[in-house]
Amino acid sequence: MNKSTNQNERRGFLSKMLVAGASSVALFSSSVHAAGRTSRSTTTKLTAKQKDELFFIYQEEKLARDVYITLGKLYPKENTFASIQLSEQRHIDAAQGLCEKYGIDISEVNEDEVGNFVLPVLQGYYDDLVEQGSESLLDALDVGVFIEELDIGDLTHAIEDLGFPADVISVYENLREGSYNHLESFNGAITIASS
Amino acid sequence: MTEEPSEIISKYYHALYNGDLSAVKDLMTEKSYMMTLESFGLRLSFRDGEFKSLLKEIEDSPESLEKVESLLSQEIISRNKAPKIKITKCEPNGSERETVYYTEDGKVKKLYFSKEDSGWKINYYAGRPIPQSYFSSIKKWLISILPSF
């Protein structure tokens, strides 16, 4: 029942997004590209630590999307959340593609449950970020900046320090590029909202 | 004597909400501890730009880490929380990992543990399900049918 309601709400929000304007196309184009890369085959085996990281980043992308869905509902006139939320769904798909490719069991994570996380630390992040973003539109946009900076930091760590094979790095580089675009969008929206 | 994950959870919550971050640090892997500081420091970092800058440096600067621990410890104490923890289930995930299910003031939660040199530690990255080997699957099946003989 709840799951179905959530799905309907998400679909409604996503449909609304489709008319949000051409700017969103640029925002998620990089992540579409990222998702496409996951279909290549590879024989490389990942270490347990690398697999843990893939699993974590998959869920971190869900965190970003879920926070934007929730804040987008609070501030429906602010299109930035709607457009970036759609892009984050592509990021989740790309990260999920990597997990599947490397045999990581993600069955425990229910993507349709917005605001519900397997990892307690991500649940803590979600709760606090939504609480903070509920204060005002500017606070909500600041939350967006925080999330994108967090993503960029973690993706950079994964790209540079963990010895991933080229296909994983390629996807993560595209996700990071998408996060830089999101960051720019949030900073632009802050400038507009502050003026 | 090595403490079991279920015992560590109670210690973790007690230490955390008493602001005893050095005790919290001992119960977690280093990476998870840093993430805990970042997560719990979120509220303060939105209110205090200086704290936000310090929080970004904790992995590279011991001085920033020390300041963050001190400021955050006071902030957590001021929350005045003492959640009731009730362990509901402990589930092995391979031989070196365990998931503990529990409630925090009635809210369902879980924490992951990994077996380190110094014993069980809270490890946020240890949640990935570990595929069971053929041998351990057979062993589990044998154990499950033993009482029927």
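**View 1. The contact between chain A and chain B in the predicted model draws 17 residues from chain A and 14 residues from chain B.** Here two residues are in contact if their C-beta atoms, placed from the backbone, lie within 7 Å. On the side of chain A that touches chain B, the elements giving two or more residues are α3 (48–74) and α5 (120–133) of chain A, and α5(A) gives the most, with seven residues. Helices (H or I, at least four residues) and strands (E, at least two) are DSSP runs, numbered from the N terminus. By class, that side of chain A comprises nine nonpolar, two polar and six charged residues, where Ala, Val, Leu, Ile, Met, Phe, Trp, Tyr, Cys and Pro count as nonpolar, Asp, Glu, Lys and Arg as charged, and the others, Gly among them, as polar.

This is a predicted model, in which local features need pLDDT of at least 70 and side-chain atom pairs count only at pLDDT 80 or more, whereas totals for chains, interfaces and linings use all residues. Residues are numbered from 1 along each chain as its sequence is written, and chains are lettered from A and ligands numbered from 1 in the order in which they are written.

**View 2. Helices α4 (residues 79–101) and α7 (residues 166–194) of chain A have axes that come within 11 Å and cross at roughly 170°.** This crossing makes α4(A) roughly antiparallel to α7(A), a term for angles over 145 degrees; axes are lines fitted to C-alpha atoms, for helices over the stretch in contact, and angles run from 0 to 180 degrees between N-to-C directions. Among the residues that make the contact are A:Ile84, A:His91 and A:Leu98 of α4(A), together with A:Leu175, A:His182 and A:Phe186 of α7(A). The contact of α4(A) with α7(A) has eight nonpolar, six polar and no charged residues.

**View 3. In chain B, four strands form an open antiparallel sheet in the order β1-β2-β3-β4.** Two strands pair if DSSP finds at least two bridges between them. At the edges stand β1 (85–92) and β4 (119–122) of chain B, each with a single partner strand, so one side of each is left without a neighbour in the sheet. Neighbouring strands of this sheet are turned against each other by 30° on average, direction ignored. Strand β3 (residues 107–116) of chain B pairs with β4(B) in the antiparallel sense over four bridges, and B:Ser114 stands opposite B:Lys121 in β4(B).

**View 4. Chain A has seven helices and zero strands.** Of the contacts in chain A with a separation of 6 or more, 82% are accounted for by residues 24 or more positions apart.

Conventions: Angles under 35 degrees count as roughly parallel, over 145 as roughly antiparallel, 65 to 115 as roughly perpendicular and the rest as oblique.
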